[in-house]
Amino acid sequence: MTREQPLALPYYEDPAPGTGALPPRAWYPASDAARLSLNGRWGFRLAPAAQAEDESFARPDFDAAHWETLPVPAHWVLHGHGAPAYTNTLYPFPVEPPYVPTENPTGDHRFTFDLPGDWPGGGDAALRFDGIESAAKIWLNGEELGVFKGSRLPAEYSVGHLLRPEGNVLAVRVHQWSAASYLEDQDQWWLPGIFRDVTLLHRPEEAAGDFFVHADYDHRTGEGTLLVDSNHGSRITVPELGLDIAAGEAASIAVEPWTAETPRLYEAELATAGERVPLRIGFRTIVIEDGVLKVNGRRILFRGVNRHEFHPEHGRAVDLATMRADLLLMKQHNINAVRTSHYPPHPAFLGLCDELGLWVIDECDLETHGFVKLEDWRGNPADDDRWTPALLDRAARMVERDKNHPAIVIWSLGNECGTGRGLTAMAQWIRARDPHRPIHYEGDRTCADTDIYSRMYADHAEVELIGRREETPLEDPALDAKRRAMPFILCEYAHAMGNGPGGLSEYQRLFETHERLQGGFVWEWIDHGIAQRIADGTPYFAYGGDFGEELHDGNFVCDGLLFPDRTPSPGLIEYKKVIEPVRIEGDPGSGTVRITNGHDFADLSHLAFGWAYEAEDGTVAEGALAVPPLAPGESTELKLPSPAHTHGGEAWWTVRAVLAADTAWAAAGHEVAWAQLAAVRPEPPAPQPPAAPRRGEGGVLVLGPGTFDAATGELRHLRGFQVTGPRLDVWRAPTDNDVAALSPAGRQPALLWRKLGLHRMRHRIAGVEMSGDALTVTTRVAPAASDLALRTVYRWTATDDRLRLTVDVTPEGDWKVPLPRLGVRLGLPGSLGDAAWYGGGPGEAYPDTRAASRIGRYTATVDALQTPYVRPQENGARADVRWAHLRGEDGAGIRIDGEPAFWFTARRWTTEQLDAAGHTPGLVPGERIWLNLDHGQQGIGSASCGPGILPRYRLDAAPASFSFTFSVPDNGQ
Ligand code: GAL
């Protein structure tokens, strides 16, 4: 039975745009016109349905004394009223656009305010809402102003005639679900509420109207041309340039251009008879020329991130300090671009991008991804004329609000809306209104409406083909030719969910090799984990399903480079290294370093270079490195000093580029780029006289400092320390990329591993043999129900104070799946909680996420070695470890030297416990410390959404041999 459409849909189910608002216009943070923030504590009442309560609450005399209060801006579900809910693409309600469920949480808000005593008379006033999710009806002093839709865009209502000096009553009814929800199916929490600022703006007689600042830059002449369109007889002054021009009048003058690297802004003012608006003008010109996107005549390379607005306590109600913190972190990590996924951000964020210097893709608030689940996107609003006015309304409100930001270099129509007439209409409107910025939309592979070829999660091989302009042709030759001539970006890549993403370096190499590949935007900036506590008060971050949602997508909402509390994850540290804008390279042992300026605009004069010659026990010598102020793209080769190296053993140079002076985003000395170059290779240790094994009392064997069980050949004690293991270990708690939830069945490593039983390997002792200097234990390590195995021979030898283990592994059978890891696991007393190691650090690294790991001597507690992924999983390995030392408070402990260097992991829980935990409080320290000493680790990849690991990072079951030497140093060394 089909439901008959009533003649008039209620406003919240009407696909039309909102009503009653003033025409959209440029947003500016301040002017000399009076304004009054209406943020604060508002009265609040929640109803279970849109019409559960009548509209009498909007009357000024309504008695709301018994109502609760709620901060504005806020989402009521984060303040104890209802709960957040997370889905990726699924609509959490039946898909029957434009209808929404009868169960439609509806928040009534009331705020009473007086005008300040000096509020000017005359003129008008505009009441501005910067964002309400998802639809609202608004009244002031009992008069209905209109209906708000388009959650992450502003609307202004003319209210001058309704204002009173005192006791103004603003009433807003917000519905969680509306027809607009069909357009806002972004992958994030569903969070209703008035979540951005509410402001009353005085509009004096002859106030500034809308204005459009055109500030172009001609890189051939060095001249900027300023022209400001404005409806009013306004004047624009730029004192620093001596400019004083009328609206509509162009002026050209020599300027310093704006770029993300050199964000030069000119203070200016737009003045009408009634208002003075401070402006900040950045001169720059964007063109697509010869298939390349250029700013000010040069190709730019996006080192970008996708940023959702998120705060672990406040959701999308993000304050200015948090916005700034995000941008400082981005700049400090060499990030130069933001895609505002998938909606225009709080407008103040864009002002900060102008100021600090970031390229911005401003994306419209539009996603209808849930329709992908229906055959051929059936019913998609993006291809349904009833919705086109709403789409155009969103396009216009974005462009009009944000058009004056130099940082914005690309408009994006939205995300994952399939294809359709509505999108075409948006593109046409935007192109007509602002022909000077290219248009982006990823969802239409034909690029019919766009200027840039954009993809998400394409693998390296395909990206390389695209880089060569050799991609698979489109069916339509004309469209194919047009697309092939376009620049290319990865608007999303390197899915940063949990441990990872892997493979960043290889992408970057492609971007730096092929002119067409203009970089990408990592998905995504921050984990959207919501701050919660378990009963005993232990904090943790919640994800989908934690609030009892009947449909949800689990921890897929935690896929950022920052943890929810904005601590950088290892993925961000890796990304910073991979995208550093200065390349420092050299052949091992050559003593020559090549330095290349990878900036697009800046020369190297803002950086200071230094070298250090380092050995295992510290810096031997260091000094400044005189690097000429290379222009972008230029290289130079320099000889590094080779000081006398008296310490013996391995040595290397570390070359660093740091900020020479304070900037707006980091202090002088902040490291921008670095590299280590081998100077002297490590020498193998000198052989020592062997100690012979002997039988001790109580069925034990004694070999050097070790005591073994004579029957099983297992190590029991090392000097005074009780030891469990070591024995072969191949299991790791699957990472989100191992789980690869979105990969096709059969391509999900963790499932294959579990199916084979790599998490439940059995160890059969096949022989314990004492011969000559060695104790040899032969085992067969295999899962039940399979005849695949890893034959493992442990060969123990010793000197008086050192015990050496050589592990030989030989696979049996036809292994079709890679191993998670290959090494040994051993348990140590929990008192050995302090780690020191010599090798890669300070943070974790895996085979395809190790660019940022640098050789040195490090110390950390075992607790600090853990990386607190929101969903616990494999973490914390240190790469290239030459030796590791676990010590107790008295300094005594066990040292392990590896041959070759190994991966080192230490935890207070087992891999099985790590695997079983769903949230961080599930990790409870046990009595032992569990060490993994790995010869190999499978790479990480990015298959949680995107490609798996590159073939070279697969850990195939293959014959392997590796050694460790165990000792108990007595000097605390
Ligand atoms: C993309 C989408 C993002 C996010 C990501 C996976 O398809 O545009 O919003 O869902 O996948 O985390």
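Modeller: Here is a quick tour, starting with the ground rules.

Colleague: Fine. What are the ground rules?

Modeller: This is a predicted model: local features need pLDDT of at least 70, side-chain atom pairs count only at pLDDT 80 or more, and totals for chains, interfaces and linings use all residues. Residues are numbered from 1 along each chain as its sequence is written, and side-chain values use heavy atoms, with hydrogens and water left out.

Colleague: Ligand first. Which residues come nearest to the ligand?

Modeller: Asp 187, His 342, Glu 416, Glu 492 and His 495, out of 13 residues around the ligand. A residue counts as near if one of its heavy atoms lies within 4 Å of the molecule.

Colleague: And how does that shell split by class?

Modeller: There are 5 nonpolar, 4 polar and 4 charged residues. Ala, Val, Leu, Ile, Met, Phe, Trp, Tyr, Cys and Pro count as nonpolar, Asp, Glu, Lys and Arg as charged, and the others, Gly among them, as polar.

Colleague: How far is the Asp 187 side chain from a ligand oxygen?

Modeller: An N or O atom of the Asp 187 side chain sits 2.4 Å from a ligand oxygen. For Asn 415 the corresponding distance is 2.8 Å. For the side chain of Trp 523 it is 3.1 Å.

Colleague: How much of the ligand does the protein bury?

Modeller: The protein buries 95% of the 310 Å² that the ligand exposes when taken alone. Those areas come from the Shrake-Rupley method with a 1.4 Å probe; for residues, only the protein chains shown count as cover.

Colleague: Zoom out. What are the domains?

Modeller: Domain 1 is 11–203, domain 2 is 211–287 and domain 3 is 294–576. Domain 4 is 594–680, and domain 5 takes 694–948 + 957–967. The bounds come from an automatic or database domain assignment.

Colleague: What separates the centres of domain 1 and domain 4?

Modeller: 54 Å, taken over C-alpha atoms.

Colleague: What does UniProt list for 701–967?

Modeller: An unreviewed UniProt entry lists "domain: Beta galactosidase small chain/" there. UniProt positions are in the numbering used here, feature names are shortened, and annotations may be inferred rather than shown by experiment. In the model, residues 701–967 are 7% helix and 48% strand. The end C-alpha atoms of that stretch are 17 Å apart. Helices (H or I, at least four residues) and strands (E, at least two) are DSSP runs, numbered from the N terminus.

Colleague: Now Glu 650. Where is it, and is it buried or exposed?

Modeller: Glu 650 is in the loop between strand S39 (635–639) and strand S40 (651–659). It counts as buried because its relative accessible area is 11%. Buried means under 20%, exposed over 50%, partly exposed in between (1.4 Å probe, protein chains only).

Colleague: Which side chains make polar contacts with Glu 650?

Modeller: Tyr 838 is one, at 2.6 Å. Arg 882 is another, at 2.3 Å. A polar contact is a pair of N or O atoms within 3.5 Å; within protein, one must be able to donate a hydrogen and the other to accept it, and residues adjacent in sequence count only if both atoms are side-chain atoms.

Colleague: What else is in S56?

Modeller: Asp 897 is in S56, which covers residues 893–907. Its side chain makes a 2.8 Å polar contact with that of Arg 895. Asp 897 counts as buried because its relative accessibility is 15%.

Colleague: Last topic, phi. Which residues other than glycine are positive?

Modeller: Glu 206 is one, with phi near 55°. Ala 740 is another, at about 50°. Most residues other than glycine have a negative phi, and most peptide bonds are trans.
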